[in-house]
Amino acid sequence: MTEDFLIGTYTNKTSKGMYRVTLDTDQERLVNVRLAVELLKPSYVQVGSNHWVYTIKKAADGKKGAGIYQLGETAADAKLLGEALFDGPSPAYLGLDEKRHLLFGANYHAGRIDVFKIGTDGQLTRTDVVEHHGEMGPRPEQEMPHVHYTDLTPDGRLAVCDLGEDLVSVYDVSDDGKLTAVSDYQFPSGDGPRHMLFGKDGQFAYVMCELGSKLTVLRYDADKGSFTHIQTVKTIPDTWTAHNGAAAIRISSDGRFIYTTNRGENTIAVWAVQDDGTVKHVQSISSEGDFPRDFNFSKDEHYLVSSNQESDDLVLYRRDPATGQLTLLQKDVACPEPICVQPY
């Protein structure tokens, strides 16, 4: 059996765009890393149920934003369906709302949220822009608002992580792509919330705090659209004193295990979710490379594909669904500047 993953990259060195890699589950190997779309800075990728590929992109004239592609057998066969490009910095994350046909862009360097309507032909029209203006955290990376994540809550609101303001915000979303502020949750100063996800029953949210190297558990009140604190744990051991930046977070579909990466310690940490929503550390395994930016599961979740940005490689692990633990299968799979991993 085989299945493909798309790899979003920077194009600062040798990368030519978005790549595609095949997982051969019979051989338990990653094979055939090849270019899927030639474009600049496809740093984050989402895949729709119709296999449309939503990606961050940069145009030759310097404008930046998002684009939608249909992939083919080769990079030359890829078809651009639509794009929305603007002056200024590019987004860092894209959230997809297929029910309302919306795309949400987290613009890290501009400190704002962009909302786009997705046309039936793939054309993108910006429907709203929300800029953050709040109190900054104390760290050098918090010199301004830095919106790093924009995606849906289980009840269809928009959750937003602002690393610069140590803030997670919730917005109501109208069908025509307009945002209305609902609530803010303030993290301890300097934590730097980066990404988040929700547990299987939607009661708990798990927030990856990059600057503090912390995993925070929040209870989500769907009636109020707000959060309360449950637990915070460090993603690195107390003995680790060198620089570290926590990055990606994923949860197994059964809701039993959470996975997080540490850029610095260069590990993937595994956490067991308890009955009360809290987490317990069960494993930390080497990323087998430098700066593990992102990872994702195979369709059956028996495998995990990870990306190391600075060492330009992919890594394959076997995953035990019963214990959540990972076992290294393959390392040093060459892929330039990989920073996003999405099943295709």
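Two strands count as paired if DSSP finds at least two bridges between them; the exercises below apply this to a predicted model.

**Exercise 1.** Work out how strands E12 and E13 pair, and which residue is the bridge partner of Leu152.

*Solution.* Begin with the pairing itself: E12 and E13, the latter spanning residues 158-162, run in the antiparallel sense and are joined over five bridges. Then look for the individual partner, which for Leu152 is Leu158 in E13.

**Exercise 2.** Classify the ring pair of Phe86 and Phe116, and determine whether each residue is buried or partly exposed.

*Solution.* The ring centres lie 6.3 Å apart and the planes meet at 25°; because planes under 30 degrees apart count as stacked, the pair is stacked. Next, compare accessibility with the cut-off of 20% for burial: Phe116, at 2%, is buried, whereas Phe86, at 24%, is partly exposed.

**Exercise 3.** Locate Ser43 and decide whether it is buried or exposed.

*Solution.* Ser43 belongs to the loop between strand E3 (29-38) and strand E4 (45-47). Its relative accessibility is 10%, so Ser43 counts as buried. Beyond its neighbours within four places in sequence, the contacts of Ser43 include Thr9, Tyr10 and Cys340.

Technical notes: Residues are numbered from 1 along each chain as its sequence is written. This is a predicted model: local features need pLDDT of at least 70, side-chain atom pairs count only at pLDDT 80 or more; totals for chains, interfaces and linings use all residues. Side-chain values use heavy atoms; hydrogens and water are left out. Helices (H or I, at least four residues) and strands (E, at least two) are DSSP runs, numbered from the N terminus. Buried means under 20% relative accessible area, exposed over 50%, partly exposed in between (1.4 Å probe, protein chains only). Contact means heavy atoms within 4.5 Å. Rings of Phe, Tyr and Trp (its six-membered ring) pair if their centres lie within 6.5 Å; planes under 30 degrees apart count as stacked, over 60 as edge-to-face and the rest as tilted.
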